[in-house]
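Hi! Here are a few notes to read with the model open on your screen. Take them one at a time and find each residue as you go.

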Amino acid sequence: MDRKEWYLEYEIQKNRPGLLGDISSLLGMLSINIVTINGVDEGRRGLLLLAKDHKNIERLESILSTMDTIKVTKLREPRLRDRLAVRHGRYIQRDADDKKTFRFVRDELGLLVDFMAELFKQEGHKLIGIRGMPRVGKTESIVAASVCANKRWLFVSSTLLKQTIRSQLIEDEYNCNNLFIMDGIVSTRRANEKHWQLVREIMRLDAVKVIEHPDVFVQNSEYTLEDFDYIIELRNNPDEEITYEVVDQNHIFGGSDFGSFDF
């Protein structure tokens with residue numbers, strides 16, 4: 001029987017020397033291997049485990065429930081957030097009301113890039129929106145995650161170096177393994193109908209699409225926020241408010257300072 005991965009997370013109730021060693025010994029006696037272990041929150045540890053027999057996991061859960069030194073908070077097949085929590089030592093913050101919205105601050109760019117890279121590796125259609133103020137690192141993080149995921153990225157609309165507004169792709173760019181990046185502000189404020197025809201073609205592709213400023217994008221198109229699989233928010237600090245008042249200042253998104261690409 002193939003070994004199966006499990007995620008164990010527990011909260012320390014009574015910290016004492018040798019506690020981790022006792023748990024490691026217990027796992028060893030049950031023939032459960034530890035793949036990775038890390039602190040995932042204050043007073044919590046997370047472990048990725050490998051077990052051949054589901055019954056051993058049931059025995060583990062039963063024994064751990066009798067211990068007064070720890071409280072098991074999770075014992076399940078690992079999810080993406082679990083893997084990243086063990087890898088980075090912290091959980092990704094998720095909106096309590098909207099479970100598909102994930103929040104990051106600039107100090108967590110490494111975690112953000114890793115999170116997006118794991119999403120980009122998944123096959124098939126995926127629509128991801130990313131909110132954030134100008135120059136917070138949205139586009140750079142998308143490109144870095146594309147590199148990590150070994151994906152070729154294509155700017156459909158962008159302001160990274162010069163303002164880019166594309167109205168056509170060449171034949172080999174219609175590839176489901178490519179990652180398509182769009183700036184919702186540029187597409188809605190600067191583009192023509194040919195560009196929007198291209199956007200609709202790309203949206204029908206069975207590929208990953210990332211849209212910066214998704215709120216502006218849906219306000220000026222037939223798409224809605226319900227069409228998005230994930231919404232990512234990136235802030236300079238946890239209390240920063242993401243607004244679009246600066247969008248109305250034409251010099252911020254105009255092409256006069258740096259020129260523009262329109263092809």
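1. Start with Thr 101 and Asp 98, whose side chains are joined by a polar contact of 2.8 Å. Keep in mind that this is a predicted model. Thr 101 is found in strand β6. Is Thr 101 buried or exposed? Its relative accessible area is 3%, and the cut-off for buried is under 20%, so Thr 101 counts as buried. Setting aside neighbours within four places in sequence, Thr 101 is in contact with Gln 93, Arg 94, Asp 95, Arg 131, Ile 231 and Glu 233.

2. Next, have a look at the largest nonpolar core, which has 27 residues. Which of them touch the most other members? They are Phe 104, Phe 115, Phe 120, Ile 128, Ile 142, Val 210 and Ile 232. At least two residues of this core come from each of β6 (101–105), α4 (109–121), β7 (126–131), α5 (138–148), β11 (178–183), β12 (208–212) and β13 (230–235). Helix α4 gives the most, with eight residues. As background, nonpolar side chains in soluble globular proteins tend to be buried together.

3. Zoom in on Ile 232 for a moment. Not counting residues up to four places away in sequence, Ile 232 touches Phe 102, Phe 104, Leu 112, Phe 115, Met 116, Ile 128, Gly 129, Ile 130 and Arg 131.

4. Now for the second largest pocket, with a volume of about 160 Å³. Its lining is made up of Arg 76, Arg 79, Leu 80, Arg 81, Asp 82, Arg 94, Phe 102, Phe 115 and Tyr 230. How many of the lining residues are charged? Five are charged, four are nonpolar and none is polar. Helix α3 (residues 80–88) supplies the largest share of the lining, three residues. Phe 115 turns up here in the pocket lining, and Phe 115 is also among the core residues that touch the most other members.

5. Ser 31 isn't a glycine, yet its phi is positive, about 60°. Ser 31 sits in the loop between α1 (19–29) and β2 (33–41), and is partly exposed at 46% relative accessible area. His 213, also a residue other than glycine, has a positive phi near 60°. Look for His 213 in the loop between β12 and α8 (214–219). With 4% relative accessibility, His 213 counts as buried.

Conventions:
Residues numbered from 1 in each chain as written. Predicted model: local features only at pLDDT ≥ 70, side-chain atom pairs only at ≥ 80, totals over all residues. Heavy atoms only, no water. 1 Å grid on protein atoms, 1.4 Å probe; cavity = no way out; pocket = protein on both sides within 12 Å on 5 of 7 lines; lining within 4 Å. Points joined across faces, edges and corners; volume = space filled by probe spheres on them. Helix = DSSP H or I, 4+ residues; strand = E, 2+ residues; numbered from the N terminus. Nonpolar A, V, L, I, M, F, W, Y, C, P; charged D, E, K, R; others polar. Core = buried A, V, L, I, M, F, W, Y, C linked by side-chain atoms within 4.5 Å. Buried < 20%, exposed > 50% of the residue type's maximum accessible area, 1.4 Å probe, protein only. Contact = heavy atoms within 4.5 Å. Polar contact = N/O pair within 3.5 Å; in protein donor to acceptor, adjacent residues only side chain to side chain.
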